[in-house]
Amino acid sequence: MSSDYNPSVLETKWQKQWEDEKLFKVDIDQSKQKYYLLEMFPYPSGRIHMGHVRNYTIGDVVARYKKMTGLNVLHPMGWDAFGMPAENAAIAGGVHPKKWTYENIEYMKIQLKRMGFSYDWDREVTTCDVDYYRWEQLFFIQMYEKGLVYRDRCFLNWCDSCKTVLANEQVEDGQCWRCGSQVLLKEYDQWFFKITRYSQRLLDNIEKLKNGWPERVLIMQKNWIGRSTGSLIRFAIDGTDKDIEVFTTRPDTLYGATFMSLAPEHPLAKTLPEGTGQELAVKAFVEKTLKEDKFTRTSETYEKEGVFTGRYCINPLTGYRMPIYIANFVLYDYGTGAVMAVPSHDQRDFEFARKYGLHIIVVIQPEGETLSGETMEEAFEGEGLLVNSGDHTGMKNTDAMKAITEHLQKIGRGEFFVNFRLRDWGISRQRYWGAPIPVVHCGKCGTVPVNKEDLPIILPEDVKLTGTGESPIAQVDSFVNATCPVCKGPAKRETDTMDTFVESSWYFIRYCSIKPENKPFDRKDVDYWMPVDQYIGGIEHAILHLMYARFYTMILHDLGYVGIDEPFEHLLTQGMVIKDGAKMSKSKGNVVDPEVMIARYGADATRLFTLFAAPPEKDMDWSDQGIEGTYRFLSRLWRLVQEITDLEGASQDEKVPASMEDIQRKTHQTIRKVTEDIDRRFRFNTAIAAMMELVNELYKAKDRARDESEVGVIKKALEYLLIMLSPFVPHISDELWEVMGGSGMLLLHPWPEYDAKWAEDVHVTIAVQVNGKLRATIDVPKDALQPEVEAKAFSDGNVKRFMEEASIRKIIYVPNKIINIIAVSH
């Protein structure tokens, strides 16, 4: 055994042995309970960062621990390999996206192996492989046949920096989720997945996830789905046979609706002004508004503006001719994109009405007040009794909601309705590096999916990348020119590619099978491994990826591919790695390179610090002193094993020498603590702290050991310690296990069980209060009698200080918990 701890040598040694032994390879074993542990796979950007290291180390600890407890553990890794960065790199540097991506994958794979992660690389998935995306092309066609895919022309979120369309979920506070640029609206033909058909199911299934997902994520998903109940009301457009449909949660205010507000993106914004003389004014207003992002438009400080369309609609209850406006604060994403404006009872409508001189009619009077539309200074948005409301006058407004909707049903002008905030998932991207959409456009037959037998539609490689916002494959004649599968005439292929979130919505199912032939995966494999038992990733994916993955799993369930309809049983959202008070980023100059840390301190020390610095769900502050501390701990462990193996000692007998009972007790208490912290709570930092305490105690015990039986207890404790440390620091643990004469690799060794007799706490910490305020804590034997506890409490210096000029009136003692001294001043 080398006298000095040299991580670079021993880590290389054990990584090679693990690979030679295929230690992490796993197959179906019906005799064992399965456990599927998965971290969100990375984009192959070229280098792993400390966020990756933390995420994957958390997962690796759990995967190794579960395997040692006897479970059959699946722990795979792959690459989210399509996407804009590869294309942007190609534009900037002239390297083809495919070459750039696969070179990055090879390098990052080496980096991950250097960290000692227990991945079964036989199951590696790379989403830009045609063998992968061919199957989502098949799923696309099958979804199309079920009416779950459609194409529509509409206004979409556009990032001018990335030169592509974004789904609603990819816009955060009006900015592109990837680059942070302001998002604008542009009109495009776009392919959509009909996720809205699954709105209620996505919402209902949240109940299944309550015991395994963070409440914060479930709330975010609920809010994004956004279920609200109300009424759908139809307003006839004056002089036409057409209606404007409005969803409202306030049908009780319908008698006070005096104008209509449409979103600039609403299809009627183009057609309503025709022949009214308002065409140019409306066109200019719409163009101006669409240059502003949605986040700004919905801000409370945003100036409310609009333009009259020249048209009116009819209030179905009052017959009032309501002028129709295009308003900048109305979004097409919510409801129907049309709002019945009730200025007397909605502040936003009130401000708009005052600005444009529109009629205000009060229809709800608060108790004890009489409001007037002419004199109101702000809208009244509270509850009250209906006035100016026909047959419903005098009703409580909350009761009138149902009555008015029932009346609308009778006259054919409305019905009860459930609305969802969730909008269909736009999957078209005007980029090259993505999966081709398997449809053609035929002048005779329209838009037609290709024959399934003609799949895959392979992404061409001979393209010219310009970054202008048009799909580069549109310029590749050999790709674009195709034959219509229906009439056999000439047709043009779709040149948009799929959103990369499509690929990440089913990769976890693909992992279940090792390179299946002529099918996306084997159903028997999926039935054994799915769902994922523990999924680990960042909170930033709470809506985007997790919502899409849930939806796509439901689709595959309904298509008969899988038997489950929720993919992830438990979810852990780990915190960020921050340095100097900010998230690590190149632009801030606060990045810590994992390769530098591995070269300087080793993978084990790097792993240990990321686990010890903070609980996994909290942000972790990077500290150079912290990683130096974990390196020193491992060096200390190395010396401890060295010194103890030099001692003569027999195997531990059943009988523990009285001089070593404290070590025996500490060992089994540590086993209990570490087991519970990993298994129940994922409190890796406190588990590590407990093992560090055990090392301290073993150092003390080593110095006082006098005979073989005492040394035997210490050696056994050290063996247990190495087994417990192995999920955290696998390289040094295997090396020291070998040094101590242990057989095999620790990953194949069973996890230790604690002896309840020895693991029981013999001391407890008691809180000492004076007049109900905590003044000290003391350690006493468990179940100590009150006089012994009192004596120790009164000997504490801080307690003495508070009792100097006081007399004891009463002492309250709760055994093993608290002692409260009630005292009065002299």
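I count Ala, Val, Leu, Ile, Met, Phe, Trp, Tyr, Cys and Pro as nonpolar, Asp, Glu, Lys and Arg as charged, and the others, Gly among them, as polar.

I am reading a predicted model, in which local features need pLDDT of at least 70, side-chain atom pairs count only at pLDDT 80 or more, and totals for chains, interfaces and linings use all residues. Residues are numbered from 1 along each chain as its sequence is written, and side-chain values use heavy atoms, with hydrogens and water left out.

Entry on cavities. I searched the whole structure and found three cavities of 30 Å³ or more. A cavity is a set of points on a 1 Å grid over the protein atoms alone where a 1.4 Å probe fits but cannot get out, and lining residues have an atom within 4 Å of a point. A volume is the space filled by probe spheres set on the points, which are joined across faces, edges and corners.

Entry on the largest cavity. I looked up its volume, about 150 Å³. Its lining has 17 residues, with G83, M84, R429, D499 and T500 nearest the centre. By class I noted six nonpolar, six polar and five charged residues. The strand β6 gives the most to this lining, three residues; strands are DSSP runs of E, at least two residues, and helices are runs of H or I, at least four, numbered from the N terminus.

Entry on the second largest cavity. I noted a volume of about 100 Å³. Its lining includes L23, F24, K25 and L747. The helix α2 gives the most to this lining, with three residues. I noted six nonpolar, two polar and three charged residues there.

Technical notes: On a 1 Å grid over the protein atoms alone, a cavity is a set of points where a 1.4 Å probe fits but cannot get out, and a pocket is an open set with protein on both sides within 12 Å along at least five of seven lines; lining residues have an atom within 4 Å of a point.
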